[in-house]
Structures are given as structure tokens and as C-alpha cells.
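Subject: Structure handover

Hello,

I am passing the structure on to you, with notes on what was found in it. Please look through the model first and then read on.

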Amino acid sequence: MNIALDMMGGDFAPEELVKGVRDYTSENTAALISLIGDEQLLLPLLEQYKVPPASFKLIPSTEVIGMNEHPLKALKGKPNSSIAIGFHLLSIGKVDAFISAGNTGAMLIGSLYTIKPIEGILRPTIGTIVPMENGSQGFMLDVGANADCKAEHLNQFATLGSLYAQYIYGIENPRVGLINIGEEEGKGNVLAQTTYPLMKENKDINFVGNVEGRDVFLDKADVLVCEGFTGNVILKLAESIHGIMERQNIHTEYFDRFNFEEYGGTPVLGVNKPVIIGHGISRAKAYKNMLLLAQKMIETKLLEKMATAFKA
């Protein structure tokens with residue numbers, strides 16, 4: 001198993017990434033980590049933090065795609081960037097997964113045009129963990145990749161999210177809910193009204209109906225489906241609440257679970273190989289958890305299972 005990690009992406013690169021690799025490799029020997037980045041910066045840090053040489057392979061890159069660069073232009077214009085090299089290695093089978101906390105747009109475009117969607121997938125999607133009040137966790141998608149959607153897209157997101165919850169979280173027959181402004185069938189805007197019957201007829205999911213905003217964190221469903229506009233608003237609102245709690249020095253077991261570093265990054269679902277996008281402000285703990293997530297996606301053969309589901 002070989003996992004590629006963009007060492008130049010993120011606000012705290014490369015030091016926090018090196019620390020994350022150290023923490024991962026100190027507990028796991030399942031994967032070789034391909035570190036893509038500036039050798040002159042990385043080698044002293046790898047020695048400083050005592051990362052075992054046998055646990056990684058250094059792949060030099062000479063360019064970096066900045067956070068504010070145009071994603072498509074940057075990928076085309078910087079073939080020697082850490083992100084472009086990572087996608088190339090993944091596309092030719094030299095690595096089994098790719099992780100970056102760099103330019104999100106470049107990561108999405110690379111996933112779409114270099115790795116390509118699974119046959120039958122209309123649009124890939126991204127999702128995130130939702131901490132439930134009772135201690136369990138759900139999965140919400142889309143959270144920003146697709147601001148505008150059609151009913152067919154949401155129906156596919158439901159299937160992808162259900163498979164993810166089953167194989168990554170170990171939830172048997174996960175409950176799937178449609179985020180809406182009311183519980184009754186027929187509620188909501190045109191998108192919600194046209195999506196509901198599709199999800200109701202989808203034999204690949206356990207559809208439990210609509211889930212209102214007040215119930216998102218109350219364990220009404222294991223998988224929560226919405227278009228990326230709504231999902232991103234909910235995600236950013238949750239991050240804001242967690243930030244307020246921290247600044248007010250208020251700590252509870254439940255709200256501490258809103259810390260994104262506990263979960264690492266966001267998987268891109270619907271493409272042929274594992275791609276994980278990290279938050280730009282990720283630190284060591286988040287990178288360690290992204291590596292663990294990539295490992296689990298590979299071990300469970302999640303994307304092969306998704307491809308089989310849509311082929312059927």
C-alpha cells in the first residue's frame with residue numbers, strides 16, 4: 001500500500017505534515033508514504049522529527065500551486081507541482097491514494113479530469129462527518145463541490161454516502177435522509193420535491209425520508225443528503241459554533257467532536273481512486289487521520305465496491 005501526500009499544501013506546510021507522518025508511522029506500518037515536495041525543506045524536518053526512513057519515499061517537486069491560483073490554469077501550467085505530480089502518480093498506479101490540503105479547486109479538478117469519475121456517476125461529491133448528540137456519527141454530502149444539483153445527482157450521492165457509511169463506519173444498512181424544511185413528503189423547493197420520489201424508489205439505500213435542520217445532529221439518519229450550497233452552509237455553521245465555544249473557553253465532550261482534526265479530511269466520492277482533501281489549516285493530527293482514512297478506503301476496497309454498485 002502506497003499513499004501519496006502533498007507536503008507543500010496547507011497553511012502549515014511542510015512542518016505539520018512531517019509531524020503528522022511521524023505520528024502515523026509510529027503506530028502503523030501498513031503503508032509506505034510517498035512524500036511529494038521540496039527536498040531541501042523536507043529532509044532536515046524528517047531528520048529532526050525522526051521519521052523512520054523505511055516508512056517513506058521522497059518524491060521531489062519544484063512547483064507549488066497557491067491557494068488563490070486558478071485551479072485549471074495552475075494544474076496545466078505547473079506540471080511539476082506537488083498536486084500535479086500526486087495526481088499523475090495516482091493515475092498511473094504508482095500510488096494507491098492521494099492526499100492534499102492545498103488548493104481545493106485543483107484537487108477537485110484533478111479528481112474529475114485526471115482520475116475521472118466512476119462509470120455511471122454524473123458528478124463526484126465530497127462529504128463530511130456529522131457528530132451526533134448521542135455519540136454516534138453520520139455522514140453528510142455534498143458539502144461544497146456541487147452548489148447546484150439536479151434530483152438525479154442527489155440520488156446518486158445517497159448511494160455513494162450509504163456505501164461510505166457501511167464500509168468506513170461499519171454501519172449495517174445505514175439510514176439515508178434528505179435534508180429539507182419539513183418532514184412530510186412534498187415539502188421543500190423543487191429540487192427536494194423531485195429528489196424525494198427518486199430516493200424513495202432507490203433499492204440500494206435505506207431511505208427514511210426528510211430530515212429538518214433541527215434534527216441534523218440528532219441521529220435521525222446515518223447519511224444526510226443535500227446539494228453543496230446547503231451542505232457547505234451547515235458545515236461552516238458547525239465550524240463557527242465550535243470556534244465560538246473554544247474562544248469562550250467552553251469545552252464539552254460533544255462540541256469537542258466538532259473539531260475537524262478529529263476526522264482529518266474530506267473524501268472525494270465517485271471517482272476511480274481514493275482522493276482526500278484536507279482543510280487548509282490542518283495540523284499534525286488532521287494529517288495523521290487523513291492517512292488513516294486513506295488506508296481504510298484502500299483496505300475496504302471502497303471505490304471498487306462503488307464501481308460495482310453503479311455498474312449493476
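Axes here are lines fitted to C-alpha atoms, for helices over the stretch in contact, and angles run from 0 to 180 degrees between N-to-C directions. Helices (H or I, at least four residues) and strands (E, at least two) are DSSP runs, numbered from the N terminus.

This is a predicted model, in which local features need pLDDT of at least 70 and side-chain atom pairs count only at pLDDT 80 or more, while totals for chains, interfaces and linings use all residues. Residues are numbered from 1 along each chain as its sequence is written, and side-chain values use heavy atoms, with hydrogens and water left out.

On the α6 side the contact (heavy atoms within 4.5 Å) is made by A151, E152, L154, N155 and A158, and on the α7 side by L191, T194, T195, L198 and M199. These residues divide into 6 nonpolar, 3 polar and 1 charged. Ala, Val, Leu, Ile, Met, Phe, Trp, Tyr, Cys and Pro count as nonpolar, Asp, Glu, Lys and Arg as charged, and the others, Gly among them, as polar.

Helix α6 (residues 151-168) also packs with α11 (residues 302-311), at an angle of about 140° and with the axes 10 Å apart. That makes α6 oblique to α11. The crossing of α6 and α11 is right-handed. Residues of α6 in this contact include L160, L163 and Y164, and those of α11 include M306 and F310. By class, the contact has 9 nonpolar, 2 polar and 1 charged residues.

With α10, the angle of α6 is about 100° and the axes are 10 Å apart. That makes α6 roughly perpendicular to α10. Here Y164, Y167 and I168 of α6 meet L293, K296 and M297 of α10.

The largest pocket has a volume of about 810 Å³. Of its 41 lining residues, T128, L235, F260, G265 and T266 are the closest to its centre. A pocket is an open set of points on a 1 Å grid over the protein atoms alone, where a 1.4 Å probe fits, with protein on both sides within 12 Å along at least five of seven lines; lining residues have an atom within 4 Å of a point. The lining of the largest pocket divides into 23 nonpolar, 13 polar and 5 charged residues.

The second largest pocket is lined by 14 residues, and I179, N180, I181, N189 and T230 lie nearest its centre. Its volume is about 240 Å³, where a volume is the space filled by probe spheres set on the points, and grid points are joined across faces, edges and corners.

**Backbone**

The peptide bond from A13 to P14 is cis, with omega near -5°. P14 is in the loop between β1 (2-6) and α1 (15-25). Another cis peptide bond joins L141 and D142, with omega about 5°, and D142 lies in the loop between β6 and α6. K50 is not a glycine, yet has a positive phi of about 55°.

Regards

Note on methods: Parallel < 35°, antiparallel > 145°, perpendicular 65-115°, else oblique. Left-handed = near helix turned anticlockwise from the far one by under 90°.
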